[in-house]
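Have a look at the fold, then follow the notes below.

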Amino acid sequence: MIRIIEEDQLDPAILERKVNTEHTQAVKTIRDAVRTKKDEAVREYTASFDKLSLQSFAVPADDIIRVTRTFCTKNADLYKALCRSYELALRFARYQKEPFDNFEVEIEPGLFAGQKVLPVDRAGCYVPAGRFPLLSSVIMTCTPAIAAGVKDIVLCSPPRPHPSDPSLPWIHEGIMAVAGICGIKQVYACGGAQAVAAMAYGTESIPRCDVIAGPGNAYVAEAKRLIYGDAGIDMIAGPTEVFIIADETANPVWLAADMLAQAEHDSDAQAILVTCSRELAAQTAAQIEEQLAGLATADTARASIEHNGMIIIARNYETAGELANKKAPEHLELAMDKTENRDALEAMLHNYGTLFIGNSAAEVLGDYTAGVNHTLPTAQAARYTGGLSVRHFLKTVTTLRAETGSAGVRDSAAAAAELARAEGLIAHARAAEYRLQE
C-alpha cells in the first residue's frame, strides 16, 4: 500500500539527489579496454554480456529497409503510431531550433561581434533493448539531431541473434524499423557501456561521435559520465520520476494510472502525489491497489510504489509548489482544472524536465506522441538543465571582425593593453599595442 503522509512528516532526504557509484570501477575497465583495444574489446564484451560472437557490428542498410517494410505490413497500427510520434517530435524539434540564430552586430564603430549556430559533425544515439525495448527512444534521441542539421547520425543498440546466422549483426527488429522511419542508415549491434565507449573514442568499425545521447541502465549512465569531456553528452539519467500536484478537480483513476505508469519502469522509479485533499489522497491510494491487481507489470510497479512512492498531504498549494521546486522532478504534473491556484503554481514552478498542465495532459503523451522529448533530467538535474533537445547537437560559436584603424578597434585595443599589463601578460599587451601603431 502506498504511504500517505503529512507534509510536516516528510523526510527531506526524499527530495535529495541520490548518486550511485557502485558500477564506476567496472565501467572504467570497459571504457579503457574499448579505448585501447577498440573492436577487439567490443567483441569480447559482446561475447561475455550478450552471448554472441559477432564478426562485425554494422547492420546492413538493406536489412534496415527490408525490416522496416515488413514491420509496416505486419504491424500497421503500431507503424502508424510510430510515424505520428516521429512527425510530431521532428516538428517540435524544428520549432525549437528557430530561436538559435546567426547574427553579427557592429558593437562599436568598425568592431563586429557575431554568433554562428552550427550542428556537430556526428551524433551518437543509444537505444536500450532490455526488458522493454524502447522503440520510442529511437525517435526521441534521433529527431533533435535531425532537426539540428547533424549530417552523420550513428545508432547503437544491444545485439540480438540474427535470424539465420548468429555471427552477423542484428538488433531488435522494432528498433531497426523505427531507425528506418527516422532515416538512420548507420546502425550498430552494440550495447551497454561498451557502446558508449565505442561512440566516444571510435573503433575500427564504429565511428567516433561528437555528442552521445539516449537513455540506458546504470552502466550506460555511468559510461556517459566517465566519457564526458572526450565527447559531449545529453545528461546522466537515473530512475524515472513523476511528481503530481492535484486538487479536487483531479480524477483519482487518472492519478493512479499516471503514478503506476512510472512505477512499472523500475523498482527504483519514484511516483509522488501532493494534494491538499485527504479524500483525493485516499481515493487515489485505493485506485492504485485496484489497478495493480490487473497489471502485467505489477511486481515491479508494486515494489516501486511501496519503497519509493508516497502521497503527501500539503498545507496549501504554495507549499506543494515549493516541494516540487526542491524535488526538481523529471515529470511534473499539475492535475488541476484552470484556476487561480493552477495559474499561480505554473508561474512559481521552475525546476522540472517537462511540466504537464491540466488534467488531460497525461505524462504518457509526453512519452510518445505530443512532440516534446521524453529524454529528461532526473535526480534533481532539472535544477540546471532541461531535457534532450536540438541544443545538445548545436554549438553556439562566436566571430570577431575588425576594420583596421577604426575607432572601435583602437579603443578596445587600448583597453585590452591596459588590462593585459594589469594581469602581467606583457605579450598580450604588445599584441594589442602593435595594432595602435597602424
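## Burial and overall size

Residues are called buried under 20% relative accessible area, exposed over 50%, and partly exposed in between, with a 1.4 Å probe and protein chains only. This is a predicted model, where local features need pLDDT of at least 70, side-chain atom pairs count only at pLDDT 80 or more, and totals for chains, interfaces and linings use all residues. Residues are numbered from 1 along each chain as its sequence is written, and side-chain values use heavy atoms, with hydrogens and water left out.

Of the 438 residues of the protein, 51% count as buried. The C-alpha trace spans about 85 × 60 × 40 Å along its principal axes.

## Strands and their pairing

The protein has 16 helices and 15 strands, taken as DSSP runs (H or I of at least four residues for helices, E of at least two for strands) numbered from the N terminus.

Strand 7 (residues 186-189) runs antiparallel to strand 2 (residues 58-59), with two bridges joining them; pairing requires at least two DSSP bridges between the strands. Here Val59 stands opposite Val187 of strand 7. Strand 7 is also joined to strand 6 (residues 152-157), in parallel, by four bridges. Ala189 in strand 7 is the bridge partner of Ser157.

## Glu106

Where does Glu106 sit? Glu106 belongs to strand 3 (residues 103-108). Glu106 counts as partly exposed because its relative accessibility is 45%.
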